[in-house]
Amino acid sequence: MATSSTSGFCYVLKKNLKFNRRILVFTGTLLVTTYSYVHGGRLGREYLKYIKSLYHNGGIQKSLKRPVIHTYYAKKLEHLQEDWDSEEHWDMLSYWKDQWESAGWDTRILTEEDAKQHPYYDTYQTDLEKLKVSSYNYYCFHRWLAMVVVGGGWMSDYDVVPLHMDQIRKNNKNINMLLRGDGERLPHDGEFTSFCSTVPCLMSGSAAEWDRIISQLMSYVPQYKNEHFSDMFAMFRYFRSDSESFHMYNQVATHLLLLGNDPSLQIDCDAYKGQVAWHFSHHTYGAAIKTGNIVPPEEKVKSRAWYMKIFLNQWLEQCKYPSNQTKRLL
């Protein structure tokens with residue numbers, strides 16, 4: 001009788017494994033603790049043996065998989081003069097990687113080699129080369145292709161760092177996101193989502209959705225021959241023509257917000273509530289210099305990551321993990 005019950009229980013465990021391994025571990029442990037005595041300890045031994053086999057086969061680790069955030073980096077192309085292979089960009093990439101991994105994400109840096117695997121790379125390239133754009137805006141179109149190739153998912157610029165991304169992952173009601181599970185599920189079940197309005201700085205979607213969006217964005221490019229154009233302008237145009245084309249939120253902070261214009265004052269923590277990330281773009285940097293919110297040091301710094309590190313450390317201390325001690329930004 002005990003053998004029959006044990007076999008039946010393990011069969012149910014294996015069926016439940018396909019549903020949610022973490023529920024399996026919790027529920028199974030509880031059942032073992034409760035019923036092991038009834039079955040003379042045999043059930044406990046069988047269950048623990050089964051759980052041990054899951055660990056050896058990577059089953060439980062897979063269920064606890066961390067979400068992946070991508071970014072895109074490419075060196076200059078021959079016909080573009082700007083140099084992206086510099087200490088500044090590598091410093092930014094390094095800081096981006098550190099911050100996202102510290103927040104519980106795995107990181108992946110996509111390159112031109114990824115983009116080139118897209119079936120329409122050459123076709124899109126022909127149209128893009130007719131634009132009058134900087135290498136930055138040129139490469140911004142390529143990142144969409146790379147995201148299609150790697151199967152979709154999350155992407156951010158590498159001057160975007162996480163603030164309250166954990167609120168999305170925990171399905172916080174105040175954020176109204178639909179991300180569930182263990183990092184493998186995307187907001188809105190993979191439908192394309194932008195968290196930075198029509199600025200493509202933090203996005204998510206399935207491969208099919210990334211492909212759908214870039215196809216539409218590229219359809220505008222031939223209309224701007226010998227003119228300035230970018231994926232941001234294309235994204236704005238697309239959303240303006242069809243407000244239901246993708247999900248859009250304003251949940252990425254795009255300014256350095258203090259309680260006043262004096263850099264000695266505290267960060268305006270309320271301004272960052274509900275903001276899932278912070279985008280320290282060139283525009284944000286320029287505006288902060290202009291308003292006096294940050295003061296450049298006398299010595300030259302490698303990149304904007306120097307300022308990002310100071311701000312984020314102070315934000316963590318003042319806003320996310322506040323103490324009684326008053327902190328200064330710079």
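Predicted model: local features only at pLDDT ≥ 70, side-chain atom pairs only at ≥ 80, totals over all residues.
The secondary structure of the chain comes to 13 helices and nine strands, where helices (H or I, at least four residues) and strands (E, at least two) are DSSP runs numbered from the N terminus. Of the 330 residues, 46% count as buried, a term that stands for under 20% relative accessible area, with exposed meaning over 50% and partly exposed what lies in between (1.4 Å probe, protein chains only). Among contacts between residues at least 6 apart in sequence, 69% join residues at least 24 apart, contact being defined as heavy atoms within 4.5 Å.

Six strands form an open sheet of mixed pairing in the order E2-E1-E3-E6-E5-E7, and two strands are taken to pair if DSSP finds at least two bridges between them. Strand E2 (106–110) and strand E7 (247–248) stand at the edges, each with a single partner strand, so one side of each is left without a neighbour in the sheet. Strand E5 (residues 193–194) runs parallel to E7, joined to that strand by two bridges, and Ser194 stands opposite Met248 in E7. Helix H5 packs on this sheet, touching strand E1 (68–72), E2, strand E3 (152–156) and strand E6 (202–206), and its direction makes about 150° with that of E2; such angles run from 0 to 180 degrees between N-to-C directions, the axes being lines fitted to C-alpha atoms, for helices over the stretch in contact. Helix H10 also packs on the sheet, touching E3 and E6, with a direction at about 115° to that of E6.

Within the sheet, E1 and E3 run parallel and are joined by two bridges, with Ile69 opposite Trp154 in E3, whereas E3 and E6 pair in the antiparallel sense over five bridges. Five of the five residues of E3 are buried, so E3 is largely enclosed by the rest of the structure.

Three other strands form an open sheet, again of mixed pairing, in the order E4-E9-E8. Here strand E4 (160–162) and strand E8 (252–253) stand at the edges, each with a single partner strand, so one side of each is left without a neighbour in the sheet. E8 and strand E9 (residues 277–279) run parallel, joined by two bridges, and Val252 stands opposite Ala277 in E9.

Turning to the helices, H5 (residues 87–102) and H13 (residues 305–320) pack at an angle of about 25°, with their axes 9 Å apart. They are therefore roughly parallel to each other, a class that takes in angles under 35 degrees, as against over 145 for roughly antiparallel, 65 to 115 for roughly perpendicular and oblique for the rest. The contact is made by Asp91, Met92, Tyr95 and Gln99 of H5 and Ala305, Met308, Lys309 and Leu312 of H13. Gln99 is buried, with a relative accessible area of 18%, and touches Val161, Pro162 and Leu312, not counting residues up to four places away in sequence.

How values were computed. Residues numbered from 1 in each chain as written. Heavy atoms only, no water.
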